[in-house]
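Please examine the sequence and the structure below before reading on.

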Amino acid sequence: MRVVVAEDLFLLRDGLTRLLAAHDFEIAASVDTAPGLLSALLTERPDVAVVDVRLPPSFADDGLQAALAARRQVPGLPVLLLSQYVEQLYAREMLADQLGGVGYLLKDRVFNDDQFVDAIRTVAAGGTVMDPEVVSKLLGRRSFEGPITRLSGREREVLALMAEGRSNAAIAQRLFVTEKAVSKHTTSIFTKLNLAPSEDDNRRVLAVLAFLNA
Amino acid sequence: MWLLMKLFYRTFAHLLRRFGLGLLLVPVTAVALVLFGLHAWTVLAFLLAVAVAFWWPTVAAALLPVIMVAVGVAGLVLAATVTGPGGNWMRSAVSGFQVSAKPGGGASWVIKTPAGLQVVQLPVAAARFGVGQGTITFAGHVPPAVALNRLHQAQVNFRVASKAAAAKQIAVNKKLVKRPPNAKLPQAKRIQRPAAVSGVGYVAAAPRPAFRLWTGPGAVHTVISPVPRPSPWAGRLVPVALLLIALGLWLAPRTFAEFRQRTPGLLPYLRRRMQEIRWGILLVPTAVLGLTIFGMNPVTLGMVAAAAVITLRWPRVAADLVPVLLTVFAVYGFVLTARWESAPLGVLASHPQLYGFVEVSSRELAVLAGAEASAFLAMAAWLFPRTVVKHGRLLTAAEPNLELEGRVQRLTETRDHALHNAASELRRIERDLHDGAQARLVALGMNLRAVERMLPASPDAALALVAEARETSVRALNDLRDLIRGICPPVLADRGLGHAVRALALDTPLPVVLDIDLPGRLSAPVESACYFAIAELLANAVKHSGARQVQLRIRHGDGLLRVEVSDDGVGCADPANGTGLQGIERRLGTFDGILAVSSPPGGPTMIVMEVPCALLSPKTCSC
């Protein structure tokens, strides 16, 4: 699997590439600026990109902007954003094109390399991985709007774990239920959110988006 | 006796508890009363002290060390001018004169004192001018120089037995006038009738400290020499004074601190008054100076009182009057000096004139008074541009710019708030770092060291420790993240106020209806202040209002940023109540921003913030 890594701090970039190489990823390019990232994404067309939100030249959200620009030209180009902080605002912007293949994680998540590599693979496969911090903030809301209010408590739990990018099997393990029960919940969620049965993965993305936008 | 002492101690302790340290003012002023003698003013001061001690114990406690030191210093000065067995550092003083006369003069004499002098007692034995001695006593203790001076100014009326003797006497006087042993000897003009049996003689200075009294035909008959007399007080005065000074200095910081604590508003008030009054503070001392020149009478006392009133009511006028008055006094001083030089000696000599700090009774002292007048003039010249010229310029300039003054006042206040805020913010950050990330990094280091030691022996336990270390590093990162959010929220830095408020609304557990129209970015400080103000208002709405929905509207136009936050909660938000809204108001004040709150009981609450600021292009600003 070919990866583009964008990170301006040398130590972190070096660590990331080594970690990915150790898990049999092929490093297509490792860049340290937003313009460099954009051109690498467009020329290399990697299977997935691991991108730091804050990049030179302006050290604001340049990484995010470059990733969004690349996805406008190559729809659905899988991008996993890393950041020292997570903002729902940025998560929504990433998900706005409803194509999936998007991840948004705190940099600390790299510490657990297995989960981190799983997340990269989920994103590369077109899934959606939101940091648990984003998800917990969503759940902390006092009230929801729209179709999401129709969900039961258990369904909301399942949807939250879905937003974190977990597969049905992982959700089942986490909630101590059978995978079958989880898949019943997901079907119910899709129905309540008016998501017509099509390609399953895309429905998952749309469900997470509805969750974020509630 | 023992019971009496116990009773005294009990009463004293009770009174001390009841009135505090200020009660000690009474015994201290009593000591002063004994030291300075029983006069109207000392008694008055004592009664005043008693009144203050009982009615304003705080003031009395604050005054106590001041009065202790003052009485102590006065006591030392007194001790220095009084004879006694106190030691050789004390100069001897004169408390009496011995008069000795040679027999054969045959004249009697009377010493008449000029007004205000205190030579009182007649020498009885010498009155017959035949034998022995008499004593001239001064009331109170008078230093030798002053005593001699006063004696010198005394007239001695004499009566001689025969015309021949009188003629001789007059001849002597004339001779004296021709070749005076001392220049200060007045002309003997007053002896008008040669045939008279009585006349006026003068005490002339002999080699000091003795005097010769020129009265009889033999001329040098009478010798007056000063006699030191020990003072009963001198021995005890010094230790008492030193004790008072030491106690006063020891007490001063304590009572002052307590006074400051009890009257917190006083010092700022005094400082403000001092800033208003400035040089006007000199008016009353200057008026008192006039008191020494023109004597104490109803008019001059009225002037001093008027000076006090002017100082308090019209400080600027007071400041202008100071150099004018000083100039008048200086001119008077020059005239005094000049007249002393030119006038017939007797005229002024018999009327010594007090001028400021100098009692002019001799040519040298007149010159000193002239020097003093010069000093006054110099001071007036120095003050002139600082008072009259400055105020004149203010008057001739455009009418006082009230708006500008108000602006300066406001800027001073808001700058204070800003500095205070910045300082307390830094302290908070320091505390957070110290207790949070820093402590966790220390723990991390210790864990890793433990791992180093354990690795060869028990790899499993080491592995558990490594996991713990990783957990600690995550927590440290969390701490840092929270801290950074509190200093400079990332979205605010990245994208400005509009997006940051959107992100904030997403994190708020209440539905927030946003209506934001900000085409560009604002300056970083304004963005930060507005962001945290909005964050606080949203938090208030969540915590206190019980609202179901918050509406947030941000607009920028005509150089003014307007933020409206309204909710459908219970209302009753009051800036006077609680520090949150006040804090927002103060922080916005730094940018000349304002906060308006409308929150009737039962709601809804509407809060409007307006901050004047320019809109910058999106690219030029970063936090």
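The points that follow are grouped by topic.

This is a predicted model, in which local features need pLDDT of at least 70 and side-chain atom pairs count only at pLDDT 80 or more, while totals for chains, interfaces and linings use all residues. Residues are numbered from 1 along each chain as its sequence is written, and chains are lettered from A, with ligands numbered from 1, in the order in which they are written. Helices (DSSP runs of H or I, at least four residues) and strands (DSSP runs of E, at least two) are numbered from the N terminus.

**Chain B as a whole**

- Chain B contains 21 helices and 14 strands.
- Of its 623 residues, 29% count as buried; a residue is buried if 20 or more other C-beta atoms lie within 10 Å of its own, exposed if 12 or fewer, and partly exposed in between, with C-beta atoms placed from the backbone.
- Two residues are in contact if their C-beta atoms, placed from the backbone, lie within 7 Å.
- Among contacts in chain B with a separation of 6 or more, 70% join residues 24 or more positions apart.

**Where the chains meet**

- On chain A, 16 residues are in contact with 18 residues of chain B.
- The chain A side of this meeting comprises four nonpolar, five polar and seven charged residues.
- In this classification, Ala, Val, Leu, Ile, Met, Phe, Trp, Tyr, Cys and Pro count as nonpolar, Asp, Glu, Lys and Arg as charged, and the others, Gly among them, as polar.

**Two helix pairs**

- Two packed helices are described by the angle between their axes and the distance between the axes.
- Axes are lines fitted to C-alpha atoms, for helices over the stretch in contact, and angles run from 0 to 180 degrees between N-to-C directions.
- In chain A, helix α7 (residues 153-163) and helix α8 (residues 168-175) pack at an angle of about 130°, and their axes are 10 Å apart.
- That angle makes α7(A) oblique to α8(A); angles under 35 degrees count as roughly parallel, over 145 as roughly antiparallel, 65 to 115 as roughly perpendicular and the rest as oblique.
- In chain B, helix α19 (residues 497-507) and helix α20 (residues 524-545) pack at an angle of about 20°, with axes 10 Å apart.
- That angle makes α19(B) roughly parallel to α20(B).
- L497(B), A500(B), V501(B) and L504(B) of α19(B) meet E527(B), C530(B), Y531(B), I534(B), A535(B) and L538(B) of α20(B).
- The contact of α19(B) with α20(B) has nine nonpolar, no polar and one charged residues.

**Two buried alanines**

- A172(A) is placed in helix α8 of chain A and is buried because 20 other C-beta atoms lie within 10 Å.
- Apart from neighbours within four places in sequence, A172(A) is in contact with V177(A), T178(A), E179(A), A181(A) and V182(A).
- A318(B) is placed in helix α12 (residues 315-342) of chain B and is buried, with 26 other C-beta atoms within 10 Å.
- The C-alpha atoms of A318(B) and L282(B) are separated by 8.2 Å, although these residues are 36 residues apart along the chain.
- Apart from neighbours within four places in sequence, A318(B) is in contact with G280(B), L283(B), I310(B) and T311(B).

**An uncovered helix**

- None of the 18 residues of α1(B) is buried.

**Backbone exceptions**

- Most residues other than glycine have a negative phi, and most peptide bonds are trans.
- A cis peptide bond, with omega of about 10°, joins P56(A) and P57(A).
- N194(A), which is not a glycine, has a positive phi of about 60°; N194(A) counts as exposed because it has 10 C-beta neighbours inside 10 Å.
- D592(B), also a residue other than glycine, has a positive phi near 65°, and with 14 C-beta neighbours inside 10 Å D592(B) counts as partly exposed.
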